[in-house]
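Subject: Handing over a structure

Dear colleague,

I am passing on a structure to you, and below it I have set out what was found, taking one place at a time. Please read the notes with the structure open beside them.

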Amino acid sequence: MRLKLRGPDYKDKDPETSYLDFKKRVAAYESAYVTIGDYEETHNMQYIKLIDVGRKTIHHQLNGFLACGIATYLSTFNLSPRQIWVTRHGMSEDNKLGKIGGDSNLTPEGQNYGTALYNFIGKKRVEWEQDQKQKIQSMTNLPPQAGDKTPPYPELLGDLEEKNFCVWTSMLQRSIQTAADFQDDENYDVKNWEMLKELDAGQFEGMTYAEIKRDHPEEFAKRSANKLGYIYPGVGGEGYLQVISRLRDMVRELERIKDHVLIIGHRSVCRVLLAYFMDLTRNDIANLDMPLGMLYAIEPKPYGIDFHAYKYNDQDFTFEEMPKGYKPHITRNDEP
C-alpha cells in the first residue's frame, strides 16, 4: 500500500483519499483476477510468481534458456534504498597523449581526482544516511499523512549504520589507482573486476584516433559508420556488443545488491551502465557522451530512478552538481 501511494498514480494527491481509492481498486482487482497456481499446475504450464517484489519467488516447471534467464533476472530486483555511483577513472598518462586502451598509470591530476572523489563520496554517504533517518522518524502512519516523505518498505532501513559501501574497479591500473584512498579505508569494500575493463582495441591498443585514421583509413571509416557493431581487429579486439555481453552479469549484480556501490570504470563500461539505468536504446550506447571528470548518482526507486550528475572542479578539488534535468547527450559518430 505504502509503495503504491508513492507512485505516479497518486502523486501530489491527498494521502488519505488516495488510500481509500486504492483499497477500492484492490477490491475491483480481486473480483476480476484469478490467482496463478492451481490451474497452471494442473495443466503443466510454466509460471513465475513474485510476491512483494522478490520477498518470495515461486517457479513452476520452468525449462528452456529464455524462461530460466527471465527467472534469474526477475529474482534480482529489490527495493532496498541505496545509491549506485558511476564514474570514469582519473586522467591517465595515455589520456593525456590521446592514446586508446593500454594500462598506463594516473597523472598527478588523475591522482587528485581520486582523492577528491573519495572526499566527496564520503560526504554524500553521510548526507544520505542522515536523510534516511529523518524519513524513518516521520514514518508511523498508513495512510501517510500530508507531508510524510516515508519511503516504501521502511523495515529495510533499520540497519543504516551497518549499510555496506562497495567500490568496484576494473583490473587496469588507472581504475585501481583512482580507488587508492577507498582501499585504505576499512569503511569501504573495494573489489577489482575483470568484466569492468575497457573495450579492448586489439591491434590498435596504444594508438591515437588520428593515427588510426591516417594508417588504417578503411578501419576508421568502418568504425565511424557503425560504432555499435564495429569490432577492433587483432587478438582480443572487442566491440560494444561484446562489452554489453560481458556486463550482463554485472547489471544483474547491481539489481540484486542492497549495498551502496561506486563503479570506477572506463568510457565503454560507463556508457553501457548509464544507458541501462536511463532506459536508452542499444543504438545510443556507443555515442553516449562520457568525458573524464563526470560523476553520476543513480538511486533506484519503485518507479524509475533518481538521477544526479556532478562535474569535477579541478581548481577547488570538488564536484559541482549539474542543473536539474541534465542528461548525458549523444555525440557524433566520428567522436571517440
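In what follows, contact means heavy atoms within 4.5 Å. Please also keep in mind throughout that this is a predicted model.

I begin with His 260, which is found in strand E6, a strand that covers residues 260-265. With a relative accessible area of 1%, His 260 is buried, because buried means a value under 20%. When its neighbours within four places in sequence are left aside, His 260 is in contact with Arg 82, Gln 83, Trp 128, Lys 163, Asn 164, Phe 165 and Cys 166. With one of these residues, Gln 83, there is a polar contact in which the side chain of His 260 reaches the backbone nitrogen at 3.0 Å. Trp 85 stands 175 residues from His 260 along the chain, and yet the C-alpha atoms of the two are separated by 8.1 Å.

Next comes a pair of helices, H12 (residues 248-256) and H13 (residues 267-277), whose axes come within 11 Å and cross at roughly 50 degrees. An angle under 35 degrees would count as roughly parallel and one of 65 to 115 as roughly perpendicular, and H12 and H13 are therefore oblique to each other. The crossing in which H12 passes H13 is right-handed. On the side of H12 the residues that take part are Val 251, Leu 254 and Glu 255, and these meet Leu 273, Tyr 276 and Phe 277 in H13. Sorted by class, this contact of H12 with H13 has 5 nonpolar residues, no polar ones and 1 charged residue.

Arg 223 lies in helix H10, which runs over residues 217-225, and with a relative accessible area of 9% Arg 223 is buried. The side chain of Arg 223 is joined to that of Tyr 209 by a polar contact of 3.5 Å.

Asp 52, by contrast, has its place in a loop, namely the one between strand E1 (47-51) and strand E2 (56-60). At 40% relative accessibility, Asp 52 counts as partly exposed, because that class takes in what falls between the 20% limit for buried and the 50% limit for exposed. Between the C-alpha atoms of Asp 52 and Leu 79, which are 27 residues apart along the chain, the separation is 9.7 Å.

With kind regards

Note on methods. Residues numbered from 1 in each chain as written. Predicted model: local features only at pLDDT ≥ 70, side-chain atom pairs only at ≥ 80, totals over all residues. Heavy atoms only, no water. Axes fitted to C-alpha atoms, helices over the stretch in contact; angles between N-to-C directions. Helix = DSSP H or I, 4+ residues; strand = E, 2+ residues; numbered from the N terminus. Parallel < 35°, antiparallel > 145°, perpendicular 65-115°, else oblique. Left-handed = near helix turned anticlockwise from the far one by under 90°. Nonpolar A, V, L, I, M, F, W, Y, C, P; charged D, E, K, R; others polar. Buried < 20%, exposed > 50% of the residue type's maximum accessible area, 1.4 Å probe, protein only. Polar contact = N/O pair within 3.5 Å; in protein donor to acceptor, adjacent residues only side chain to side chain.
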